[in-house]
Amino acid sequence: MNITLIGMPGSGKSTVGRILARELGYSFLDVDPLITAACGGPTLQAVLDRLGTEVFLDKEAEVVSSLSCENTVLAPGGSAVLREKGALHLKSLGPVVYLELPGSILEKRLWNLKTRGVTLAPGQTLQDLCDQRRPYYEKYADYTINAHLPRPQDTAAAILRALNLR
């Protein structure tokens, strides 16, 4: 079984994912470096700037759809659910967990928004992006976890309880 963590950038997918993988004895896979490599890098932001949002989302869906793994916690980019092809493939790999976090908390966490590789349109606020993506996260999630817990270990423990793995 695999577990996929979805949610906004800054929601803790990578941090919580590593903890969860360690707890379960699973591998951890951050999907963004795979996208960067597949698109000729050098950074996710450079790829996004070169391709533009729509082509980037298509390329991301191709990379996500090609994933094949077992006993892995996956942390795809926050935009991975915006293309049905990629989102459905993630669901086929195992349970999908949405790490839900209010936009006000994300704003405090995302100090590097302009260089992080986030598909933010000109004039679009982080809250706008949260509002745009929330229906996709909710549509594809098998479980929703409040990611605004005191520690990432607490979020990982909540995921384990939700999945009946602890």
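**Burial, contact and bending in a predicted model**

Guide: In helix H7, the buried residues are Leu126, Leu129, Cys130, Arg133, Tyr137 and Tyr140. This is a predicted model, in which local features need pLDDT of at least 70, side-chain atom pairs count only at pLDDT 80 or more, and totals for chains, interfaces and linings use all residues. Residues are numbered from 1 along each chain as its sequence is written, and side-chain values use heavy atoms, with hydrogens and water left out.

Visitor: Why is Leu29 called partly exposed?

Guide: Buried means under 20% relative accessible area, exposed over 50%, and partly exposed in between, with a 1.4 Å probe and protein chains only. Leu29 has 23% relative accessibility, and therefore counts as partly exposed.

Visitor: How do you know that the span of H7 is close to the expected one?

Guide: The expected span is 1.5 Å times one less than the number of residues. H7 reaches 21 Å from its first C-alpha to its last, close to the 21 Å expected.

Visitor: What is the bend of H7 at Arg133?

Guide: A bend is the angle between axes fitted to the seven residues ending at a residue and the seven starting there. At Arg133 this angle is about 35°, and Pro135 follows within four residues.

Visitor: Which residues does Leu29 touch?

Guide: Contact means heavy atoms within 4.5 Å. Not counting residues up to four places away in sequence, Leu29 touches Leu34, Leu67, Thr72, Val73, Leu74 and Ala75.

Definitions and conventions: Helices (H or I, at least four residues) and strands (E, at least two) are DSSP runs, numbered from the N terminus.
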